[in-house]
Amino acid sequence: MGKPVMLIDVDRCIGCLSCEVACIQEKGLEVFGIRPMRVLRVEGVGDQPSGFFLPMNCFHCEPAPCVFACPTSAMRKRQDGVVYVDEIRCIGCKACIIACPYGAIAFNPNTMKVEKCDYCYKRLEKGLLPSCVSKCVTNCLYFVEVDEVPKERHIANRTTGRSLKKLFLYDFSP
């Protein structure tokens, strides 16, 4: 069995937010601002004045810092690598939020528990795609299983390696 991975074709994303809406509906979230799948608009990177949209969700890290930080073992990692929250065990301490290097976990004040992308693992068990992938109108989200996760980053055509370094590594040298 391979590890599920979400691939994103940044050049196809138009920022329609259909993936965000599908995620919110799938999880039944009512609190404004909690978005396990979110689309960011990135501007002012590189020499080009235009921007691009970047869909972001949990990266299901290996190893996952949120899993190690959780004192109650509510943050769990499945055999296939999907990181999810066991809501019964979650006490809302927010240790996982602090541990996540990508800001992919949010606190829900209605439930007093945390929310995050779990690739809609209950849908996966039924042979369905995650909700965000199935509702993406431009088909820029791909959900695949790989035996080995690729080591190289996939770089969009409209961004340069130098631009990505400025964006993600905070290298602001000329």
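Guide: Let us begin with a definition: a residue is called exposed when its relative accessible area is over 50%, buried when that area is under 20%, and partly exposed in between. Please bear in mind that this is a predicted model.

Visitor: Why is glutamate 125 called exposed?

Guide: The relative accessible area of glutamate 125 is 55%. The cut-off for the term is over 50%, and glutamate 125 is therefore exposed.

Visitor: What makes the contact between arginine 78 and glutamate 125 a salt bridge?

Guide: The term requires a side-chain nitrogen of Lys or Arg within 4 Å of a carboxyl oxygen of Asp or Glu. For arginine 78 and glutamate 125 the N to O distance is 2.8 Å, so the pair qualifies. The two residues lie in distant parts of the chain, 47 residues apart: arginine 78 belongs to the loop between β4 (75-77) and β5, and glutamate 125 to helix α4.

Visitor: What makes glutamate 20 and arginine 35 a salt bridge?

Guide: Their closest N and O atoms are 3.6 Å apart, and the limit is within 4 Å, so the term applies. This pair, too, links distant parts of the chain, with glutamate 20 in helix α1 and arginine 35 in the loop between α1 and β2 (38-42), 15 residues apart. Glutamate 20 has a relative accessibility of 8% and therefore counts as buried, whereas arginine 35, at 33%, is partly exposed. The structure holds eight salt bridges.

Visitor: Which residues lie closest to the centre of the second largest pocket, and how is its lining divided?

Guide: The second largest pocket holds about 450 Å³ of space. Of its 20 lining residues, Lys27, Glu87, Glu115, Asp118 and Lys122 are the closest to the centre. Asp, Glu, Lys and Arg count as charged, so each of these five is charged. The lining as a whole comprises 10 charged, six nonpolar and four polar residues.

Definitions and conventions:
Residues are numbered from 1 along each chain as its sequence is written. This is a predicted model: local features need pLDDT of at least 70, side-chain atom pairs count only at pLDDT 80 or more; totals for chains, interfaces and linings use all residues. Side-chain values use heavy atoms; hydrogens and water are left out. On a 1 Å grid over the protein atoms alone, a cavity is a set of points where a 1.4 Å probe fits but cannot get out, and a pocket is an open set with protein on both sides within 12 Å along at least five of seven lines; lining residues have an atom within 4 Å of a point. Grid points are joined across faces, edges and corners, and a volume is the space filled by probe spheres set on the points. Helices (H or I, at least four residues) and strands (E, at least two) are DSSP runs, numbered from the N terminus. Buried means under 20% relative accessible area, exposed over 50%, partly exposed in between (1.4 Å probe, protein chains only).
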